[in-house]
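Here is a short report on selected side-chain contacts and helix geometry. Keep the model open while reading.

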Amino acid sequence: MSPVRGRQHTDGTAPGRKRQFASLCNQGPEEERQTQRSKKKKPNHPDIPPPRFWDELSSIPLTRKALRELNRRNIAGGRPSRHQEPEQTSRPAPTIERFARQGGPDLTDIRGCRLRDKTVTAMSSSQSSLGRRKRGSHSLSKSNATHHTSSTRSTGPYDRAFQQHLIDHRIFPDGYEYPDGTSPPEPGNVDEILQTIAQPRASLSPSRFSTHDFRKFKRADTHAFKERDITTTVIPIIEGSVSDRKCVAGDIPFTNLDHLTDGTIVPGNPDLYYGARPEQLDRRIRRDLNGQIIPSTQCDLPIAPNFFLEAKGPDGTLSVACRQSCYDGALGARGIHSLQSHGITEPQYDNKAYTISSIYHGGQLKMYSTHPIAPCDSEAKPGYVTTHVRSWALAGDADSFRQGAAAYRNARDWTKQMRDEAIKLANQRTFGNQPDSSRSGDLDSATAREASREGTIITSQETALKPNSNVSPPWDSDTSADELSLDLTFWQPAKRTEFRSRPPRKKR
């Protein structure tokens with residue numbers, strides 16, 4: 001037998017390299033485009049806002065970050081001609097007293113004078129040490145880490161300039177009014193959402209969720225002092241049992257999503273979000289809408305999230321949670337709208353909300369909806385409107401908790417239904433598009449499928465809202481549509497038509 005390395009090819013290439021070269025030569029235009037898309041750079045989210053962030057704000061609020069940016073610009077853009085150090089002259093005490101009677105000496109020569117590097121270093125070190133003594137820190141490294149974290153957080157929803165930045169890019173919070181006094185349009189299905197979340201759940205009936213269980217919840221809420229305590233001890237009681245944990249994640253920055261505005265703000269990072277399994281959506285659609293629906297580069301995390309939760313402890317700020325919820329809802333609404341518009345030339349805006357974001361703070365649960373609105377012109381991006389749905393005082397009494405927890409779970413199930421419908425529609429459009437078919441035929445078939453989808457949704461909602469129907473609604477039990485099973489029939493791969501049968505073994 002000849003050794004393997006003794007094999008030679010007529011063209012002088014090694015076997016492995018020849019196969020690689022042949023595979024590259026056999027790639028068509030579609031594979032080349034896919035290869036280019038796979039090499040797409042990850043969106044860059046700055047830790048601190050660049051100067052462009054402040055330059056494009058319509059109005060700059062008086063915040064610490066704004067003052068730091070102003071101080072940085074004053075130091076960087078100083079006028080060296082006027083920043084000359086004054087001559088040191090010794091004056092007798094009577095001269096100084098005479099200057100004091102007339103209002104003091106003239107300080108125009110040292111106004112805006114740049115301090116020496118040694119002086120700045122000494123002052124900054126003394127201020128940082130004083131701050132460490134006030135905060136009770138124990139080490140310099142810990143102080144530096146804390147300063148970096150606070151700086152990063154203040155560039156996002158922790159700064160009032162963040163909300164103004166969203167408004168300038170037509171991402172409107174709840175209660176926003178235009179300069180002329182008008183308000184953005186509310187979603188057309190807000191009544192439908194209210195009816196859906198108001199349905200009772202058997203798992204929260206007095207027989208299954210007693211007053212003793214409510215006392216456990218209230219005790220957990222009373223003893224939760226940090227945001228981490230809220231998400232680990234309080235929120236699980238509100239959520240109930242969730243069978244498919246692969247559809248839920250949290251505390252993961254959305255660094256893979258494309259910038260929602262101009263790339264000068266931090267990525268979204270909800271405390272909890274629900275999405276779909278990656279395998280539910282066709283791989284080609286995931287590749288095309290990668291920056292719209294896939295929040296993280298971790299391939300096993302949920303995609304196309306449209307249900308979010310922001311939790312704050314007793315010392316947390318409600319205004320910060322509202323900004324975070326508005327930002328999260330806009331990211332989720334953009335993803336669902338991209339799925340609904342995939343495969344058609346012009347995106348449709350039906351003025352309906354398919355995304356829900358909630359806030360838990362101080363025993364209160366606030367729920368909001370987010371829906372996209374058409375852009376102002378052909379080159380602009382679409383806008384997003386946040387609308388308050390309802391609020392509940394979960395820590396008030398057992399009945400209030402049952403109503404709020406039922407609304408939370410019903411909204412979670414409803415958003416899952418809307419998400420699955422959008423994924424199913426995108427998959428059908430992709431499977432129905434043939435290489436030689438005309439674009440108009442695809443649009444006609446997509447329109448017909450959309451009409452059938454709307455009829456299915458109306459029928460299912462009427463069944464859920466009629467308790468005397470023969471079909472039991474999904475809110476009758478604790479393990480409803482999101483907790484029993486997943487309807488994955490629409491994404492199952494097609495069966496193979498060709499098979500290779502093994503030759504029968506010879507009898508010895």
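Leaving aside neighbours within four places in sequence, Asp328 is in contact (heavy atoms within 4.5 Å) with Gly268, Asn269, Pro270, Phe308 and Glu310. The model is predicted: local features need pLDDT of at least 70, side-chain atom pairs count only at pLDDT 80 or more, and totals for chains, interfaces and linings use all residues. Residues are numbered from 1 along each chain as its sequence is written, and side-chain values use heavy atoms, without hydrogens and water.

Asp328 is found in helix 14 (residues 318-341). Helices are DSSP runs (H or I, at least four residues), numbered from the N terminus. Asp328 is buried yet has no salt bridge. The nearest side chain of opposite charge, Lys312, is 9.3 Å away. Lys and Arg count as positive, Asp and Glu as negative; His and the chain ends are not counted. Buried means under 20% relative accessible area, exposed over 50%, and partly exposed in between (1.4 Å probe, protein chains only).

A salt bridge puts a side-chain nitrogen of Lys or Arg within 4 Å of a carboxyl oxygen of Asp or Glu. The count comes to ten. The table lists some of them.

| Salt bridge | Closest N and O atoms |
|---|---|
| Arg72 and Glu69 | 2.7 Å |
| Asp413 and Arg412 | 3.9 Å |

Lys416 is buried at 6% relative accessibility. Asp420 is buried too, at 14%. Salt bridges that share partners join Glu69, Arg72 and Arg73 into one network.

Arg72 and Glu69 are three residues apart in helix 4, about one helical turn. Arg72 is partly exposed, with a relative accessible area of 40%. Glu69 is buried at 10%. The buried residues of helix 4 are Lys65, Ala66 and Glu69. Seen down the helix axis, they fall within an arc of 105 degrees (directions from the axis to the C-beta atoms), so they line one face.

The structure holds eleven aromatic pairs. Rings of Phe, Tyr and Trp (its six-membered ring) pair if their centres lie within 6.5 Å; planes under 30 degrees apart count as stacked, over 60 as edge-to-face and the rest as tilted. Phe172 and Tyr178 are edge-to-face, at 5.5 Å centre to centre and 80 degrees between the planes. Phe217 and Phe401 are tilted, at 4.5 Å and 45 degrees. Phe217 lies in helix 10 (residues 211-222) and Phe401 in helix 15 (residues 398-432), so this pair ties together parts 184 residues apart in sequence.

Conventions. Helices (H or I, at least four residues) and strands (E, at least two) are DSSP runs, numbered from the N terminus.
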